[in-house]
Amino acid sequence: MSQVEKKAGLLRRTSSSKKPLKEKVVLMYDEIFAKEDPAKNNPRFWDELFLMKVNLEYLESKLESVDGEDVQRIQDNINSLFHHCVQALGEEHQIKVVNALQTLCALFRGVHQKNKSASGFDIINMLMGFDKAEQRMKDLMERLDSLLCGDSSESLKSLCLKLLLCLVTVTDNISQNTILEYVMINSIFEAILQILSDVSSRGQHGYDAVVLLALLVNYRKYESVNPYIVKLSIVDDEPTLDGMGMVVHQALTEYNRQYKDKEEENQGGFFSTLTSMVGSMFIADADEKLSVQTNEAILLALYEAVHLNRNFITVLAQSHPEIDIAATPTTTTPTTPTTPLGTTPPSLDMMNNPELPLDPNLQTSNLLITFLKYASIVMQDTKDEHRLNSARLCLIILTCIAEDQYADAFLHDDNMNFRVNLHRMPMRHRKKAVDKNIPSRPLVCAVLDLMVEFIVTHMMKDFPMDLYLRCVQIIHKLLCYQKKCRIRLHYTWRELWSALINLLKFLLSNETTLLAKHNIFHLALLVVNLFNMFITYGDTFLPTSNSYDELYYEIVRMHQVFDNLYCMVLRVSTNTGQWKEAASKVTHALVNVRAIINHFNPKIESYAAVNHISQLSEEQVLEVVRSNYDTLTLKLQDGLDQFERYSEQPKEAAFFKELVRSISLNVRKNVSLNTLSQDVLLKEFSTIS
């Protein structure tokens with residue numbers, strides 16, 4: 001019995017001490033991390049390595065676990081691995097190319113993860129050897145360029161873009177990623193443009209190409225000459241610009257559709273089953289709002305295109321049918337390891353068929369309309385950081401558009417009318433607008449509606465001062481264009497005046513709280529000067545003389561707000577304090593508004609007394625206004641139709657730095673999660689080879 005027990009014990013001991021068998025590729029990685037040259041005893045080592053399915057997790061963890069002294073010991077082998085990866089990219093054997101691309105991803109990630117505190121030069125030295133880095137990176141970029149521009153498979157092109165996204169985002173701050181100097185020298189800008197200009201490749205890879213371009217444009221953009229900025233600013237090739245616009249349009253359209261579906265689901269609509277799979281993007285937890293995070297990348301791409309390239313402005317206005325993507329039959333997406341960074345990929349059918357037949361009953365749309373709808377969604381709730389960033393970026397884009405002459409021309413073009421169904425925040429005191437009631441108008445009306453909507457819906461304790469300033473400045477720029485070109489826009493100006501007066505009322509009611517955080521006098525000055533624009537130049541751009549009468553009526557009707565504002569700014573400007581000068585400017589700006597109130601109020605009261613009317617109707621007040629213009633004296637105020645043009649540097653530099661960091665982190669996470677599912681690739685290429 002004791003012998004049996006002993007034997008059993010031995011068996012158990014033997015089985016428990018037996019190490020699990022390592023797969024061959026892991027054994028080969030171990031050889032690389034040993035001191036000896038792995039090819040010393042096996043001349044075919046590198047050939048064999050790239051025929052093996054990559055174990056990304058093991059290779060990355062191995063790189064991360066290397067200690068300080070070991071780095072020196074195995075550096076030659078790591079350099080050799082990098083070199084042979086680049087060499088393998090030129091192989092005809094597709095499996096080798098796939099494995100080399102994935103190994104490079106693991107190398108970039110693993111070495112950076114291990115050496116977060118190391119200098120960029122140390123990382124370059126560990127990866128490829130500093131003395132050979134220039135040639136190695138030149139070879140790498142040329143091979144990637146060749147794969148992207150050649151007739152290689154879509155899966156390989158996708159993996160090349162993923163590798164580039166991986167390389168660009170390995171550091172939190174992309175401007176600290178020294179390896180990108182080589183990506184600046186060995187530009188892949190033309191390869192990106194080729195992807196965007198070709199209908200087929202755009203459908204497959206447009207999203208990643210546009211995001212990659214947006215990130216590369218932001219590398220050390222304030223410190224040195226970035227060739228991607230220079231090249232993007234002079235692109236004038238129509239198919240390329242159209243392609244870029246199409247990619248942005250599709251990403252925003254997809255977001256808008258998902259939002260609309262979710263809205264209908266919340267209202268008990270019949271789309272609930274259809275949209276359950278995209279519901280996760282609407283989870284209340286800010287970290288879960290992936291759609292907003294990833295669309296920041298697309299918004300950044302749109303911003304860079306609008307800001308840097310004047311030719312892109314024409315793309316904003318190009319009309320095409322507004323198609324319900326959900327109802328459009330989609331072509332089968334080729335199986336690739338690409339998923340556009342956490343979002344649902346745009347329909348390939350839409351991407352591949354920009355020239356769709358026009359249905360006379362179909363509402364036409366364009367990139368600007370889609371963007372305005374998107375902005376109306378993200379600007380509803382600015383409490384979450386990602387939505388706040390998106391809202392700010394939307395307003396910056398609109399600022400660039402509002403001061404561009406060509407953009408202003410098509411915004412105000414009476415021959416280009418559209419129904420733009422903006423999303424409006426649910427509020428107790430107003431009914432939900434019915435889509436069918438929206439008139440067909442020039443696009444500037446939708447921009448003004450969006451600004452009014454924001455002004456009305458964000459008067460809250462956590463006041464988004466920066467966004468309010470941008471809104472009011474956008475309105476001012478549009479008015480300057482209308483005054484300059486004498487465009488009489490048929491718009492419900494009263495809604496704007498009412499919103500602005502209510503904003504002043506809010507500032508007055510919350511003076512103490514707001515002054516602890518913000519210079520409310522600067523915003524008040526901008527608002528008062530909008531009224532001064534209407535008062536001084538309204539006769540050149542208001543649609544009718546009645547509109548001018550209504551402006552005066554509104555000022556007189558709400559005179560209490562302006563009186564209270566004057567009392568407040570007079571009080572602050574006559575005391576010593578930090579806001580003395582700012583308040584004083586508002587005092588001077590109010591001179592004509594107060595002249596109107598002081599001129600018409602006594603006359604209205606006199607008219608009421610003479611006619612024994614306790615409360616005058618609107619028409620009666622308007623009659624008093626019309627008959628007393630002649631005796632009104634106003635002061636001419638200079639500079640009302642002047643504005644400071646948008647400049648990214650230095651005012652917006654800090655915002656874009658943080659925005660790019662946020663986008664970079666999100667791209668890195670998604671590349672890490674989505675990219676490198678190998679089974680699909682290996683299955684695809686094993687049949688070829």
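## Surroundings of His476

In this predicted model, His476 is in contact (heavy atoms within 4.5 Å) with Leu530, Met533, Leu640, Asp641, Gln642 and Phe643, leaving aside its neighbours within four places in sequence. His476 lies in helix H23, residues 465-485; helices (H or I, at least four residues) and strands (E, at least two) are DSSP runs, numbered from the N terminus. The relative accessible area of His476 is 14%, and the residue is buried. Buried means under 20% relative accessible area, exposed over 50%, and partly exposed in between, with a 1.4 Å probe and protein chains only.

## Chain overview

The chain has 33 helices and 4 strands. Of its 689 residues, 55% are buried. Among contacts between residues at least 6 apart in sequence, 78% join residues at least 24 apart.

## Packing of H19 and H22

Helix H19 (residues 367-378) and helix H22 (residues 443-457) have axes that come within 11 Å and cross at roughly 10°. Axes are lines fitted to C-alpha atoms, for helices over the stretch in contact, and angles run from 0 to 180 degrees between N-to-C directions. H19 and H22 are therefore roughly parallel; angles under 35 degrees count as such, over 145 as roughly antiparallel, 65 to 115 as roughly perpendicular and the rest as oblique.

From H19, Leu368, Ile369, Leu372, Ala375 and Ser376 meet Leu443, Ala446, Val447 and Leu450 of H22. By class, this contact has 8 nonpolar, 1 polar and no charged residues. Ala, Val, Leu, Ile, Met, Phe, Trp, Tyr, Cys and Pro count as nonpolar, Asp, Glu, Lys and Arg as charged, and the others, Gly among them, as polar.

## Packing of H28 and H30

Helix H28 (residues 559-573) packs against helix H30 (residues 591-610) at an angle of about 130°, with the axes 10 Å apart. That makes H28 oblique to H30.

His559, Phe562, Asp563 and Tyr566 in H28 meet Val593, Arg594, Ile597 and Asn601 in H30. The contact has 4 nonpolar, 2 polar and 2 charged residues.

## Confidence and conventions

The mean pLDDT (the predictor's confidence in each residue, from 0 to 100) is 84 for the chain, and 81% of residues reach 70 or more.

Local features need pLDDT of at least 70, side-chain atom pairs count only at pLDDT 80 or more, and totals for chains, interfaces and linings use all residues. Residues are numbered from 1 along each chain as its sequence is written, and side-chain values use heavy atoms, with hydrogens and water left out.
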